[in-house]
Amino acid sequence: MSYVTCLSRIEEDRYVRLDKFTVRSLELVGTMNEDGISLLDVIDKTISPMSSRMLRRWVLFPLKDVRPIRERQDVVEYFFRHPDMKELLEARLAQIGDLERIISKVAVGRVSPREVVQLKVALRDIQPIKESCLHSGEPSLCLIGEQLNACSIICERIEKEINLNPPVLLNKGNVIASGVNEELDELRAIAFSGKDYLLQVQQREIEKTGISSLKIAFNNVFGYYIEVRNTHKDKVPPEWIRKQTLVNAERYITEELKEYEEKILGAEEKILGLEGRLFNDLVLCLMDYIAPV
């Protein structure tokens, strides 16, 4: 329940009380006929789920006090007289999406990597909205601008730690960006750039031993090995360990290849585990921002 940051009473002196029979008879949010159109259907031109929910609440709880009614009218008139401002806010709000829903999923630890990126995208659009409201000169919009928090610190952390287009499911991998965790970068290099690494080792050993025909390969019995033709056996370093004798060649292993093999066999599993821990750490950090969001 941590995403429920406050509770407020529905005060009878502020709102017109509409019972469910009145709401149904007036067809405010639903219709009595299958093909009917409700009042909400007619007036709901909102561009985000949050806006649509707010408009629904406004329809179901009409104001009694004339002051907030006039404040709403003043804002409507402001947008009528400043269409550029209206279009700017529409464009920004369209990018925000359902920020309430995402932050509620953060609260229960069920937010996906893609939703975390959407949270960042939404918060990035808060700052220009805030600045536009503060410079509008319209009292109600200025008040909104003062209350908005762009949460720039958490935006920067998401930007740095999460890939731009992560999968929906955490266990699909490729969620955490490069450069965030040294161990993760090393494991990825092993798992996804193994061929390049082995070519580097092969070239280094060729240069070190002078055996130009030396090659590194893999089989299910011995794992990774270095194969040397018999004509070059005398150049093999003493620290290499013979594993198999062929008709025209010998196969060896080294401590470096044994360590590499151990790493690569468990690399993908370790990557998923490490990415999971790093992502969960970020989600725990996001929980501190539930109230401001």
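Contact here means heavy atoms within 4.5 Å. The model is predicted. By that rule, and leaving out residues up to four places away in sequence, E275 touches L170, G173, N174, V175, I176, L184 and R188. E275 lies in helix α13, which covers residues 255–286. With a relative accessible area of 1%, E275 is buried. A polar atom of the E275 side chain lies 3.0 Å from the backbone nitrogen of N174.

Another buried residue is L55, with a relative accessible area of 17%; the cut-off for buried is under 20%. L55 sits in helix α3 (residues 49–60). Apart from neighbours within four places in sequence, L55 is in contact with L40, I43, D44 and T46. From L55 to K208 the C-alpha to C-alpha separation is 74 Å, and the two are 153 residues apart in sequence.

Salt bridges come next, and the count is 20. One of them joins the side chains of D125 and R92, at 2.9 Å from N to O. This pair links distant parts of the chain, 33 residues apart: D125 is in the loop between α7 and α8, and R92 is in helix α5. D125 is buried at 7% relative accessible area, whereas R92 is partly exposed at 33%.

R101 and E115 form a salt bridge too, with the closest N and O atoms 3.6 Å apart. R101 belongs to helix α6 and E115 to helix α7, 14 residues apart. R101 is partly exposed at 46%, while E115 is buried at 14%.

Within helix α10, R157 and E161 are four residues apart, so about one helical turn separates them. Their side chains meet in a salt bridge at 2.8 Å, N to O.

Note on methods:
Residues numbered from 1 in each chain as written. Predicted model: local features only at pLDDT ≥ 70, side-chain atom pairs only at ≥ 80, totals over all residues. Heavy atoms only, no water. Helix = DSSP H or I, 4+ residues; strand = E, 2+ residues; numbered from the N terminus. Buried < 20%, exposed > 50% of the residue type's maximum accessible area, 1.4 Å probe, protein only. Polar contact = N/O pair within 3.5 Å; in protein donor to acceptor, adjacent residues only side chain to side chain. Salt bridge = Lys/Arg side-chain N within 4 Å of Asp/Glu carboxyl O.
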